[in-house]
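My notes are below, in the order I looked things up.

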Amino acid sequence: MNNIELPENEDINQHIDENGQSNGVLHKIVHLSGMYKDWFLDYASYVILERAVPHLNDGLKPVQRRILHAMKRLDDGRYNKVANIIGFTMQFHPHGDASIGDALVQLGQKDLLIDTQGNWGNILTGDSAAAPRYIEARLSKFAGDVVFNPKTTEWKKSYDGRNDEPLTLPVKFPLLLAQGVEGIAVGLASKILPHNFNELIDASIAHLKGKSFELYPDFPTGGIADFSRYNDGIRGGSIKVRARIEKEDKKTLKITEVPFGKTTQSLIDSILKATEKGKIKIRKIDDNTAENVEILIHLVPGISPDQTIDALYAFTDCEVPISPNSCVIAEKKPIFIGVTELLKISTDNTVKLLTRELEIKKAELKESWHMSSLEKIFIEKKIYRDIEESETWEAVIADIAKGLKPYKKLFFREITVEDIEKLTEIKIKRISKFDVKKADDIIRGLEEQIKEVQNYLDHIIEYAINYFKQIRKKHGDGRERKTEIRNLETIAATQVVVANEKLYVNREEGFIGYGLKKDEFICDCSDIDEVITFLSDGKYMITKVTEKNFVGKDIIHAAVFKRNDNRTIYNIVYRDGLNGAIMVKRCAITGITRDKEYEITKGTKGSKILYMSVNPNGEAEVIKVFLRPRPRLKKPVFEYNFSELAIKGKQSMGNVLSKYAIHKIVLKEEGFSTLGGRKIWFEEEVLRLNADGRGRFLGEFHADDKILVITKSGKYRLSSYDLMNHFEDDVFIVEKYRPEKIYSAVYYDADLEFYYLKRFTLEPTDKLNSFIGENEESRLLKLTEVEYPRLEVSFGGRHKSRENEIIEVADFIGVKSYKAKGKRLSNYEVKVVTEIEPLVRIDKNPVSEDSDENTPKEEDNSQMSLFDLDKE
């Protein structure tokens, strides 16, 4: 059939016969471009406004709002089948049962607005909920308190015009920030992260008081998060979320919390994928997750657990970035707004709704007072007798109005015909039993309530603050913060990746890589490492590890390169040109441009490296130099100690070792480090060690030195000063270990239910040991390393009238092992233990005459306290 374009004004109808065939009547042509333009914009607007993005007023998407409205209509206090809720919601939502069911399950898993019963899935494991016919739900008490009020709700017709549904629900709480939301529309997305219930209430109260506040997300899956770049939840911000990983022992790691948006299964899959790629080495994984997350990672023997933790963060979903995008609907259009402003708007809206509720209540009370007063006057003044002679209804109304006229000034408003009609409906029996005293009590009670409501209106901010406090008191228990806020360090992947390849070199032909299996083996490496190579003519270059790479013939040294390593020192002897002087130099190479050729010599043509050593800790050896024989050469053999030469930059020329040609150079004696100890700092914000001067200075560490770690739970261990070390979350003291140091501790023994005092030294051990007993209920109250501490003990209970007791700790108890129980602090009931000024204080850091004044001093921890008993 050929279509012919017809004039615009001609009215043509298409006719189809009973067999579905065209009858040949001509059709009108409509261009698709115009249809697509209009329809696509309509569709995009609909998806944005009616499906994907929450509304500013109540923080709900349309499907969520309709589910809650339907559940309120069904609510009788008992659970309803989810299948029944879905079917009932379809009166209001036009998109089918699947979208309603998914949205309902998501609301139930947030554990805020809906009480659930049955298998609703698991956000930790990713398990889906059971079929709707098997699970049940009802509105929570919290939802009943803050979400619904038909008197303050604006209504609209449902999609088919048969029912009324709320335009937005009158939510008196920052629900959007509490639940969080994620939605993808056409060309637009919204991602608002969940925040802590009690912190939102505190922020609302702070806003009402005119104080500033800060809000950071709190995830139901827990974890550790860095919100330094949160950007108030607006586009462009980013947060870093980590799983919580603990060291079970030297061979086992335990994951107890997962990052938001990840499940135990997806986490395990990412770990296995990293293992397959050789980024980490593990023996096996056990998933024991039930109510709480428990993933056990068993390590390959010889693998560092601290390095594996960092590798898990670097190469798996144990660390994920999240980019928020706070977008909501306001006045029928999407707007981008920060969470701080969202909370302020929500709090202000709550004040408006509370005001509106009070005004409605006040009006209802006034109406009750109005009718009660009318009824009292009507009966007490016997106005009902005035209508005995009235012959018509109009006369009845007029006679009652006439009887009430003297009392009009007593009322809040005019007396209407409807009021009089209600008086005529009072039964004779009620008139005969009318109790004036009881009626006066009712009226006085209404007047008191009106005054009370008016007082609330006059002090609406105080009323709103109390409202939020009551919400926290009633619903805030068990909603403590789950996500720990911490500044997280950036982990360099090259420092934590497992050596999954072997590096080989062909020195003569100038090739290096992990594919040269038949050539000389150098070391283990990873496929993301960098390699530094030196040629005999003094050229050197840094390249990425590949299967096979040409770097130049006659390679004299090749190794994995660590950037910013200023402790690896290169000791070099080279000839400057073909016949030049013999030069000697020491330098560090901390960082250069990859694949660019550099000179370790002056760069003179014909230069050659005669001797080279690479020293990971700045060692300076002694070499023996044999000169080439020549006439009148007085000293053909001499020794040179590299420790006499200063370490300079990689571009330095060095010093002249000899003007004569050299026959050979041999190593005479291995040297010691000339760099001294390594200065270590501890950054408490991230609980990590560093050598960059961030945080508290711990001291200068040599080969066998250890770090002492004491936790708030009364446990301790020793560790190395490796920068990859991880520390317990409840760490209390981190300092350089000194075996002779004496500690004094006050603790509560849960087994004997008494307070004890002990003095002790700490024995070397890398296992976490308790010095206050094995009972988990025991608690450390005070820990000090003052040599002669003094304590003041005050008493409570039935001994509160007893005078405070001063205890000289050194006289009270001697120094014993950390395993000793110590001595009972007092036979009386102890209330508070306070540390007071000691009689003798020893200077922990005396400055000698030859000490370096530029070296940072170790922090004096001579007085450390966890907390006092009166703060318990």
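I began with the hairpin made by β25 and β26, which has six residues between the two strands. In the turn I found G577 with a positive phi of about 75 degrees. I kept in mind that this is a predicted model.

Next I checked the pairing. β25 (residues 569-575) and β26 are antiparallel, with seven bridges; I noted N571 and R586 as bridge partners. I then looked for β26's pairing with β31 (residues 655-658), and found three bridges, again antiparallel.

Is β26 buried or exposed? I found seven of its seven residues buried (582-588).

Then I moved to another sheet. I read an open, antiparallel sheet of four strands in the order β38-β36-β37-β41. Its edges are β38 (731-736) and β41 (769-770), each pairing on one side only. Inside it, β36 (residues 707-711) and β37 (residues 715-719) share four bridges, and I saw L708 opposite L718 of β37.

My last entry is T153, in the loop between α5 (141-146) and β4 (154-157). I counted T153 as buried because its relative accessibility is 10%, under the 20% cut-off. Its side chain reaches the backbone oxygen of N149 at 2.6 Å. Beyond its neighbours within four places in sequence, I listed P166, T168 and P170 as contacts of T153.

Terms used: Residues numbered from 1 in each chain as written. Predicted model: local features only at pLDDT ≥ 70, side-chain atom pairs only at ≥ 80, totals over all residues. Heavy atoms only, no water. Pairing = 2+ DSSP bridges. Buried < 20%, exposed > 50% of the residue type's maximum accessible area, 1.4 Å probe, protein only. Polar contact = N/O pair within 3.5 Å; in protein donor to acceptor, adjacent residues only side chain to side chain. Contact = heavy atoms within 4.5 Å.
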